[in-house]
Amino acid sequence: MHLDIMTLFWLFLAGGLAGFVDSIAGGGGIITLPALLAAGVPPHQALATNKLQSSFGSFTAAMNYSRLGLMNPRELLLGVFFTLVGAATGATVVQWFPANALESLIIVMLIVLFIYTALTPRLGFEPRPHRIPHTLFYTVFGLLIGFYDGFFGPGTGSFWTMALVLLLGLDLKAATAQTKLFNFTSNIVSLAVFVYAGLVLWTAGIVMGLGQIVGAFLGSTLVHRREVGFIRVFFLLVVAATIVKLIVS
């Protein structure tokens, strides 16, 4: 599929904005998927290409968070493994079933998450004791959220962040940092499945990926410098935008 220079330029900007937003609170897909569809990319190719470009951003954010001391990838290998398994399964299944079948359920879940976060003003401001063993958490949520990200995707970062805060007791900064590593895992695994299926538009994906690198670096650096309250507000805005996008789509 051929895309002209101006279209690629706008896709680059969309990737940059999405990388910035996604590195702080997730939800970059609500920018990039509509951008790809608006450029005339068919839905399954848009989903596949979106995984390519978002892999650039999630990798950049994860590495920057690790460099800044907010996350240690070696401590999260179990979660990475089960996220890998879940994402590979989800990305395979989505090629045979319509992803929009999940939309109604996801909208309800995001609304509940938004209301709970809004009504709990101190949520994620400081670390708390974990509620379930780390091994159980990373096994169960790696499989579940990994599958969801490979199959559908919107809200993945929000679900990971809140699960880490509520069940492992992380503060929002640490949860946001860990989320990016799991996002990258599910992105790259899903991408491999889509590449095998021949669905990726490489030029569009790489151009958007370059924008993602810039945006993700700026966003993850900003998280390191700002207080948790900023992340909380940004998180609520992104969840609200995701809900609106799913309802009107």
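Which residues make the nonpolar surface patch of about 940 Å²? Select Met 6, Phe 9, Trp 10, Phe 12, Leu 13, Val 195, Trp 202, Ile 206, Leu 210 and Ile 213, and you have it on screen. Keep in mind as you click around that this is a predicted model.

**Stop 1: the patch**

Now colour helices α1 (5-25) and α9 (202-225), the elements that give two or more residues to the patch. The top contributor is α1, with 5 residues. Pick out Leu 13, which sits in α1. Its relative accessibility is 36%, so Leu 13 counts as partly exposed.

**Stop 2: along α1**

Stay with α1 and show it on its own. This helix has 21 residues, and the distance from its first C-alpha to its last is 30 Å, close to the 30 Å expected at 1.5 Å a residue.

Go to the N-terminal end and select Asp 4, which caps α1 there. One of the side-chain oxygens of Asp 4 lies 3.1 Å from the backbone nitrogen of Met 6. At the other end, α1 is followed by Gly 26, which has a positive phi, near 75°.

Next, look at what α1 hides. Its buried residues include Leu 8, Leu 11, Ala 14, Val 21 and Ile 24.

**Stop 3: over to α9**

Switch to α9. Its 24 residues should span 34 Å at 1.5 Å a residue, and the end C-alpha atoms are 34 Å apart, which agrees. Among the buried residues of α9 you'll find Gly 205, Gly 209, Gly 211, Gly 215 and Gly 219, along with others such as Met 208 and Gln 212. As for partners, the buried residues of α9 pack against α1, α2, α3, α8 and α10.

**Stop 4: Thr 60**

Is Thr 60 buried or exposed? Select it in helix α3 and take a look. Thr 60 has a relative accessible area of 14%, so it is buried. Its side chain reaches the backbone oxygen of Phe 56 at 2.8 Å. Leaving aside neighbours within four places in sequence, Thr 60 is in contact with Ile 213, Ala 216 and Phe 217. You've already met Ile 213 as part of the nonpolar patch, and Ala 216 among the buried residues of α9.

**Stop 5: the salt bridges**

How many salt bridges does the structure hold? There are 2. Side chains of opposite charge can pair when their charged atoms come close.

Start by selecting Asp 22 and Lys 180, whose side chains meet in a salt bridge at 2.8 Å, N to O. This pair links distant parts of the chain, with Asp 22 in helix α1 and Lys 180 in helix α8, 158 residues apart. Asp 22 has 18% relative accessibility, so it counts as buried. Lys 180 counts as buried because its relative accessibility is 1%.

Definitions and conventions: Residues numbered from 1 in each chain as written. Predicted model: local features only at pLDDT ≥ 70, side-chain atom pairs only at ≥ 80, totals over all residues. Heavy atoms only, no water. Patch = residues over 30% accessible without salt bridge, like charges linked within 9 Å, V, L, I, M, F, W, Y side chains within 5 Å. Areas by Shrake-Rupley, 256 points an atom, 1.4 Å probe, with all protein chains shown as cover. Salt bridge = Lys/Arg side-chain N within 4 Å of Asp/Glu carboxyl O. Helix = DSSP H or I, 4+ residues; strand = E, 2+ residues; numbered from the N terminus. Buried < 20%, exposed > 50% of the residue type's maximum accessible area, 1.4 Å probe, protein only. Expected span 1.5 Å × (residues − 1). Polar contact = N/O pair within 3.5 Å; in protein donor to acceptor, adjacent residues only side chain to side chain. Contact = heavy atoms within 4.5 Å.
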